Every structure is written in C-alpha cells, then in structure tokens.
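Subject: Structure for your review

Dear colleague,

Please find below the structure that I am handing over to you. My findings follow it.

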Amino acid sequence: MWKENLTALQTIIRREWIRIIRIWVQTLIPPVITMALYFLIFGELVGRQIGKIGNFTYIDFIVPGLIMMSVITNSYNNVVSSFFSSKFQKNIEELLVSPTSPYTIVLGYTFGGVVRGLFVGILVTLTSLFFTNLQFQHPFIIIITVFLTSILFSLGGFFNALFAKKFDDVTIIPTFILTPLTYLGGVFYSVKNLPEFWQTISYFNPILYMVNLFRYGFIGITDVNLLFSLGFILFLSIVLFLLNVRLMKIGYGIRN
C-alpha cells in the first residue's frame, strides 16, 4: 500500500509542477513584477525619506518581509485554486475511488503549493539583488522558516478549498483575512515602534512571527522570540494538516 501511495504522491506533485510551469505567465511572472514595484516604490523612493531602521536601510529591512509575502501568497493561492478546480471539474473523484489515502492527497497538494511558493520566493530574492545587497546571516533560519511557512499556507489553501462551494469563496479568505494580516505583520515596520496597545494586538497575528523569523535570518534582528516562533508555526502546521486529513476522511466539501 505504501508504494501505491508514494506513486500517487509523486504523481500529484508532478502534476502540480507541470501546471505551474504550463501557466508560468500567470503563476511566476506577476509576483516578481509586483515585488519589483514594492522594492522600487517603498524601498527606494519612500525608503529614502524614512531613513534607517536601527543600523539598516529601509529597503534592507523590508526585503525579507516582501519575499515572505510572496511565498505566503503563492503557496496559498496555488493549493486553493488547484484543489478547488479539481472539485469543480470532478477530477478529485478519481483520487477518492483510488487506494490513495487522505494523508497522501493532502501532502501532495501541500507540496505542490510549497514548490510554487519556494520557486517564487527564489525569483523574488534574485530580483531584490537589483535593489540591494542581501545579507544571509543565518541561512538555516531562512531555509527552515520559508519551508515551514509555505507548508502552513499551502495547508491553509487546502482548508479554504474544502469549504469553498463556488469560485467567489476561493477569494474571500485571501482578500479579507490573509492580505490584511500580511500587511499588518511587520513587513513594513517594526512593531516596537507601535503604541503599546497595538503592539499587543500585533502579537496575535501569526504572520508577524514568520516575517520576523525570516528577517532575522537575513539581517539578524527580530521583534519576537525565535524558538517560540518556530514552535508556533510548526504547531499550526500540524493542527491544520490533521484537520484537513480528518475533513478528507469524512468527505467534507467533496461528497456533501
């Protein structure tokens, strides 16, 4: 049985990769252009007026957060659009009647989202080199953070797709929840500069921990505890993975 599930896992991931490459004009180019505009407008033009944050220029401060923003958005969007399309076109039924386990299905779509998130993250990182000289003070933190974050938001996209009943439902969470949390997650500022009340509110935003972990990997500064942040991301990923598997087992959003 494990061999069949391994084959199914490889097939799902390969299919997701082919899908990403086939429509690369839609999946890879737009986030690179968007982030290049952020680098230019916020990093270069606005950043010159703001000056330095600590010992770092403004663009050095925001680049890690912008890279993380692109990873979060693309990991999430890849899974929610791909899995919902499979539901809508009834392709998912072929997997459900096969010996493929719910664990394998969730993992396959999740790693498909991870592939796109990481690939876009690499492209955005390379683009940022045209605007600043990136530092890599803690490479291990960078790798583990971007990998765990892409897993978490790929699982979040899967969860959204399970509940979505029409195409409009696919955009509700990214528009009204994910985007505000991302912009309020410390990408463009340090939470230490906020009033005490808003600092407290900010610490309830999970994206704050991911952005700060990632920023620490590049320039060595953070507003949050590193071990707590890693544990928090890992905990959320495990909970969301098990929840998605449970919903798949009972056929929620698919058979209902």
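The largest nonpolar core has 65 residues, and those that touch the most other members are Leu 66, Phe 83, Tyr 109, Phe 153, Phe 158, Phe 188 and Met 248. Such a core is a set of buried Ala, Val, Leu, Ile, Met, Phe, Trp, Tyr and Cys residues joined through side-chain atoms within 4.5 Å; buried means under 20% relative accessible area (1.4 Å probe, protein chains only). Helix α4 supplies the largest share of this core, 16 residues. Helices are DSSP runs (H or I, at least four residues) numbered from the N terminus.

This is a predicted model, in which local features need pLDDT of at least 70 and side-chain atom pairs count only at pLDDT 80 or more, while totals for chains, interfaces and linings use all residues. Residues are numbered from 1 along each chain as its sequence is written, and side-chain values use heavy atoms, leaving out hydrogens and water.

Beyond its neighbours within four places in sequence, Tyr 109 is in contact (heavy atoms within 4.5 Å) with residues including Ile 12, Arg 15, Val 79, Phe 83 and Phe 158.

Helix α8 covers residues 167-183. Its buried residues are Asp 169, Val 170, Pro 174, Leu 178 and Thr 182, and they pack against α4 (58-88), α7 (139-163) and α10 (206-219). At Thr 175, α8 bends by about 30 degrees, the angle between axes fitted to the seven residues ending there and the seven starting there.

Yours sincerely

How values were computed. Helices (H or I, at least four residues) and strands (E, at least two) are DSSP runs, numbered from the N terminus. The expected span of a helix is 1.5 Å times one less than its number of residues. Buried means under 20% relative accessible area, exposed over 50%, partly exposed in between (1.4 Å probe, protein chains only).
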